[in-house]
Each structure stands twice: as structure tokens, then as C-alpha cells.
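Subject: A structure for you to look at

Hi there,

Here is the structure I promised to pass on.

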Amino acid sequence: MAVIKKSLAEIEAMKEAGRISAKVLRMAGKHVEPGISTLELDNIVEKLIRLEGGIPAFKGYGGFPGSICASINEEIVHGIPSATKILKEGDIVSIDTGAIVDGWVGDNAWTYACGKISAEKQRLLDITEKCMWAAIDAARPGNRLGDVGAACQEIAEAAGFGVVREYVGHGIGRNMHEDPNVPNWGRKHTGLKLQAGMVLAIEPMINMGTEKTKQGADGWLVTTRDGMPSAHFEKTVAIMEDGPMVLTTEPMFRRPM
């Protein structure tokens, strides 16, 4: 597994792709309401990315047809936007957005509530977001990939949730997916040693039930094996000498306390 590092100037250059990716994700979330289709959300995001001066990173990637991945309830990741997938009250939807600016890629995801959701679904969202922040906090020079995965796994499994194994985070830069893979599980003090200059997409995918998954007939959509809901949160993170720095953010963004 290769170690791909960016210079300080390259990390600085990645911030604009990160800013646009974060802004369009936030704006997509504002449009999540009963009655909207995932294709409408896709159209909104593509227009915004282009207005901001970016290129949709997902569109055409490996043949993927959308500018977002939109995954509802038991859908984990890689949902293709569709005019026939209409959000309804009580749904949760993972929206994954990415933008390319000057050849650099930003990638992030958030799971949004559509209207009022159950307490169980809200707990899933809260725990998965907590997993993401814990994994990000572990992404420091001298730590190992196992520390990042363990930070996520401990929180998820303590809550009784399943951690998806087949799909993982990844390095990111000029390419959407670079080395190394970043599992959301692991043993502390094991795996590749993290170094300043590495840039990772850290993205817990946490299921309310089993961690087992099922591939959809379209070759993209991944769902939970037991039909229970799943949540997905993601940030692009640069490992700096003094710790992690989130690149998919806007100037007004503040980490929740």
C-alpha cells in the first residue's frame, strides 16, 4: 500500500475543491424535504458545482451517471439519482458530493433527515457522525490506519450497530480514489503509519443492524442485507504536522461541540 503525500502548496490548492464540495452538500441538505426526488437533488447540485467553478467529480466516474450519490434508508452508498425515488417523511438520505477544481478532488457526504424521523434513526445519525469525528481525530502523524478504524468501530459497536466492511474510505488528491484504503474498523497501533501530507477521505458507513451488505442489480447501489437503515458521513482530511485538517469545509463551518 503506497503512501501518497501532498506538499503544503498542494494541500492549499485542494481547499477550493473541498469548499465547493462542502457548500453544495450543505445546499443539497436544505432541499431535503418530502416530495423531492433524488434526481431533483442531483440537478441542484450539478448546477451549483458548475456555478462555483467546479466540475462534478462523480459524473461519468466509472460510468456513474449522476453528480451525487443519493442513498435512502437501507441503501448504504452509491444510489443513482432517479426521478422515481421520491423522499417521504421519516426517510433518511445519504448525499455524497464531489467537485474537481484545477485537477484536485474534494469528496464528502452527510446523512440528512427528511422531516421528522424516528428516535432510532436519529440515534443512528448521531452515532455515525460521532464515529466520523473520532476517526478524523485519530488521523495524526505517527498514528496508524488501525487507530483510525478502531476509533470508529469502538463507538459504532458499543452502540450496537454494524460497521460496513466491504466499502471503505480512501486516499484522495488528483484522483478520487488513491492509496491507502481507510477501513472503518481495525486494531489500534496496527497498519500503515500515518504521515503529514497524506490526504484521506474518512467515511464511516454504519448500519442499524448487521454489517452485511448486498449489491444492487444496477451494479452500483449497495444496501444492508437485513433491510435495516444505514448512515454515511464523510470528510476529506489532510494530515498536518499538528493534526487533522478538514478540507471539505466552508469559511463559516464550525465543528459542533
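A word on naming before anything else: helices (H or I, at least four residues) and strands (E, at least two) are DSSP runs, numbered from the N terminus. This is a predicted model, in which local features need pLDDT of at least 70 and side-chain atom pairs count only at pLDDT 80 or more, while totals for chains, interfaces and linings use all residues. Residues are numbered from 1 along each chain as its sequence is written, and side-chain values use heavy atoms, with hydrogens and water left out.

**Helix α1 and its partner**

Let's start with α1, which covers residues 8-30. Its 23 residues reach 33 Å from the first C-alpha to the last, close to the 33 Å expected at 1.5 Å a residue (the expected span is 1.5 Å times one less than the number of residues). Where does α1 have its kink? It is centred on E16 and amounts to about 25 degrees; the bend at a residue is the angle between axes fitted to the seven residues ending there and the seven starting there.

Several residues of α1 are buried, including I11, M14, A17, I20, V24 and L25. Buried means under 20% relative accessible area, exposed over 50%, and partly exposed in between (1.4 Å probe, protein chains only). The buried residues of α1 pack against α2 (38-51), β4 (92-101), β5 (104-113), β9 (199-202), β14 (235-240) and β15 (243-246).

Two packed helices are described by the angle between their axes and the distance between the axes. The axes of α1 and α2 come within 10 Å and cross at roughly 145 degrees. These axes are lines fitted to C-alpha atoms, for helices over the stretch in contact, and angles run from 0 to 180 degrees between N-to-C directions. The crossing of α1 and α2 is right-handed (a crossing is left-handed if the near helix is turned anticlockwise from the far one by less than a right angle, and right-handed if clockwise). On the α1 side I20, V24, M27 and A28 take part, and they meet L41, V45, L48 and I49 in α2; contact here means heavy atoms within 4.5 Å.

**Helices α3 and α4**

Next comes the pair made of α3 (residues 119-137) and α4 (residues 145-158), which pack at an angle of about 155 degrees with their axes 8 Å apart. That makes α3 roughly antiparallel to α4 (angles under 35 degrees count as roughly parallel, over 145 as roughly antiparallel, 65 to 115 as roughly perpendicular and the rest as oblique). I127, K130, C131, A134 and A135 of α3 make the contact with V148, A151, C152, I155 and A156 of α4. The crossing of α3 and α4 is right-handed.

Among the buried residues of α3 are L124, L125, M132 and W133.

How many of the residues of α4 are buried? The count is 11 of 14, so α4 is mostly covered. Its cover includes α3, β6 (162-163), β8, β9 and β10. After α4 comes G160, which has a positive phi near 85 degrees.

**Some single residues**

Most residues other than glycine have a negative phi, and most peptide bonds are trans. H78 is not a glycine, yet has a positive phi of about 70 degrees; it lies in the loop between β3 (75-77) and β4 and is partly exposed at 27%. D102, in the loop between β4 and β5, has a positive phi near 50 degrees and counts as exposed, at 70% relative accessibility. The peptide bond from D179 to P180 is cis, with omega near 0 degrees, and P180 is in strand β8.

M205 and A231 are 26 residues apart in sequence and 5.8 Å apart in space, C-alpha to C-alpha.

K193 sits in the loop between β8 (178-182) and β9 and is partly exposed, at 41%. Leaving aside neighbours within four places in sequence, K193 is in contact with G142, N143, R144 and M198.

Best wishes
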